[in-house]
Amino acid sequence: MRLYQPKDRQAIREICVATANAGNPIDHYFSDRELIADLVTSYYTDYEPGALWVAEHDGIVVGYLTGSLDQQKYDAIVSRIGLKAGLKSICRGILFHRSSWRFLLTILKTAMAGGFNKKILFDQYPTHLHLNIDRDFRGKNIGAKLMECFVSQVRQKDLHGIYAIVRSDNVGGCQFFEKSGFVRLSQHPAFFLSANKIFKGATIVLGRKISTACP
Ligand SMILES: CC(C)(COP(=O)(O)OP(=O)(O)OC[C@H]1O[C@@H](n2cnc3c(N)ncnc32)[C@H](O)[C@@H]1OP(=O)(O)O)[C@@H](O)C(=O)NCCC(=O)NCCS
């Protein structure tokens with residue numbers, strides 16, 4: 001496990017689009033891979049690379065943990081990234097694809113159901129992370145090791161908690177976090193796509209308190 005280097009950027013973006021749909025590729029429901037990679041990874045690669053950990057196998061990146069140790073900075077920058085990425089995507093012709101409209105509809109339905117109003121207790125959980133491992137390398141303790149790297153960073157900075165957000169249909173992802181000491185804090189309505197159908201699910205916020213007394 002090691003910290004991110006700029007040469008890892010493309011590998012991270014590729015793992016992102018191959019796993020961002022609850023562990024599966026996004027291509028089944030959305031055509032603009034660049035937009036998803038921009039939205040999901042570019043804050044971490046470009047603005048907080050010091051909290052981005054990668055796992056390598058034979059010199060190839062096979063998984064990553066994107067973390068943020070500074071929620072205020074994240075909040076200040078991420079909406080700007082979203083706007084810029086959205087405009088670039090429109091220029092690439094996203095609005096001419098039927099799948100884009102279905103995807104936008106899931107976002108609209110989630111917003112109307114209040115799914116984006118997550119009340120996260122940032123004073124208790126001031127840091128967050130996302131973890132994505134290449135399908136062929138799951139179940140080999142890589143996620144757990146990346147998590148250890150981030151937890152020790154959080155502890156060193158004297159921060160007291162981490163939160164993560166997982167889709168309710170990502171049962172394995174939820175189990176991984178629960179095994180890693182996270183507890184469920186709240187659940188929020190969300191709409192997702194599967195085989196071109198929109199279905200109602202939820203996003204689950206999980207949190208782990210970090211004791212700074214431990215080594
Ligand atoms: C979830 C994910 C990060 C786990 O990483 P991993 O390297 O496969 O997990 P590890 O091998 O380190 O497993 C650590 C522990 O979690 C458990 N675990 C991991 N994946 C699990 C699954 N799908 N179902 C049940 N338990 C699971 C393991 O059994 C292990 O428990 P143990 O210590 O008691 O043996 C990885 O499967 C992944 O990238 N999934 C797709 C993306 C995703 O869902 N990310 C999480 C949401 S942000």
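This is a predicted model: local features need pLDDT of at least 70, side-chain atom pairs count only at pLDDT 80 or more; totals for chains, interfaces and linings use all residues.
Residues are numbered from 1 along each chain as its sequence is written.

**Two loop residues with positive phi**

- Asp158 sits in the loop between α5 and β5 (helices are DSSP runs of H or I with at least four residues, strands are runs of E with at least two, and both are numbered from the N terminus).
- Phi of Asp158 is positive, near 60°, and Asp158 is not a glycine.
- Most residues other than glycine have a negative phi.
- Asn141 also has a positive phi, about 75°, and you'll find it in the loop between β4 and α5.
- Asn141 is exposed, because 11 other C-beta atoms lie within 10 Å.

**Around the ligand**

- The ligand is surrounded by 21 residues (a residue is near a molecule if its C-beta atom, placed from the backbone, lies within 6 Å of it).
- The closest are Gly23, Arg138, Gly143, Gly172 and Gly173.
- At least two shell residues come from each of β4 (127-133), α5 (142-156), β5 (161-167) and α6 (171-179), and α6 gives the largest share, with five.
- By type, the shell has seven nonpolar, 11 polar and three charged residues (Ala, Val, Leu, Ile, Met, Phe, Trp, Tyr, Cys and Pro are nonpolar, Asp, Glu, Lys and Arg are charged, and the others, Gly among them, are polar).

**Helix α2**

- Helix α2 covers residues 33-47 and reaches 20 Å from its first C-alpha to its last, close to the expected 21 Å (1.5 Å times one less than the number of residues).
- A kink of about 60° is centred on Thr41 (the bend is the angle between axes fitted to the seven residues ending there and the seven starting there).
- Thr41 is also one of the buried residues of α2, and others include Leu35, Ile36 and Tyr44.
- Among the elements covering those buried residues are α1 (9-19) and α3 (71-91).

**Thr110**

- Thr110 lies in helix α4 (residues 98-112) and is buried, because it has 20 C-beta neighbours inside 10 Å.
- Beyond neighbours within four places in sequence, its contacts include Gly115, Phe116 and Pro189 (contact means C-beta atoms, placed from the backbone, within 7 Å).
- Thr110 and Phe192 are 82 residues apart in sequence but 8.7 Å apart in space, C-alpha to C-alpha.

Terms used
A residue is buried if 20 or more other C-beta atoms lie within 10 Å of its own, exposed if 12 or fewer, and partly exposed in between; C-beta atoms are placed from the backbone. Two residues are in contact if their C-beta atoms, placed from the backbone, lie within 7 Å.
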